[in-house]
Amino acid sequence: EIGKATFSPNGKHILISTKTGEIYLIDAFSGKNIRTFETIWNKTVKCEYPVEASFSPDGKFIFAGSETGEILIWNIKSGDLICKWKGHPLPPALVKWNPQMCCVATACATLALWCLSDE
């Protein structure tokens, strides 16, 4: 079941999020599925809300919440899971980039701000 859709910053891709934890990277012009990303989710139970996925401002990475409360980060080109951020007691229902700064806001019962640096 499709829950949310988000366009990439350049408009070439769409992220489709589901209530069962799959995230589909779709070509916005042909409609073809380019890649499927799997979050950490109990596939036998539908969540009340869909996983939210977000593109990084440069369109190179995808961020999404998981049932474990972690934020998962994938490289779009390779499809590799490159990082997990821990910090939520519940599955994050919100994952949003600040397009002007290198900062991500995630929320479940609590709000977390993840500000990145080059260090």
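Is T39 buried or exposed? At 7% relative accessibility, T39 counts as buried. Buried here means under 20% relative accessible area, exposed means over 50%, and partly exposed lies in between, with a 1.4 Å probe and protein chains only.

A word on the model. It is predicted, so to speak of local features we need pLDDT of at least 70, side-chain atom pairs count only at pLDDT 80 or more, and totals for chains, interfaces and linings use all residues. Residues are numbered from 1 along each chain as its sequence is written, and side-chain values use heavy atoms, with hydrogens and water left out.

Back to T39. It sits in the loop between strand 4 (33–38) and strand 5 (53–55). Strands are DSSP runs of E, at least two residues, numbered from the N terminus. What does T39 touch? Leaving aside residues up to four places away in sequence, T39 touches G21, I23, V51, A64, G65, L72 and W74. Contact means heavy atoms within 4.5 Å.

Four strands form an open sheet in the order 1-2-3-4, with antiparallel pairing. Two strands pair if DSSP finds at least two bridges between them. Strand 1 and strand 4 are at the edges, each with a single partner strand, so one side of each has no neighbour in the sheet. On average, neighbouring strands of this sheet are turned by 20° against each other, direction ignored. The axes behind that angle are lines fitted to C-alpha atoms, for helices over the stretch in contact, and angles run from 0 to 180 degrees between N-to-C directions.

Take strand 1, residues 2–7. How many of its six residues are buried? The count is zero. Strand 1 pairs with strand 2 (residues 13–18) in the antiparallel sense, over five bridges. I2 stands opposite T18 in strand 2. T6 has L15 of strand 2 as its bridge partner. Five residues lie between the strands of this hairpin, and there G11 takes a positive phi near 80°.

Next loop. S30 lies between strand 3 (22–27) and strand 4. At 47% relative accessibility, S30 counts as partly exposed. S30 and H13 are 17 residues apart in sequence, and 9.8 Å apart in space, C-alpha to C-alpha.

Last stop, strand 11. L113 is in strand 11, residues 111–115. L113 counts as exposed, at 59% relative accessibility.
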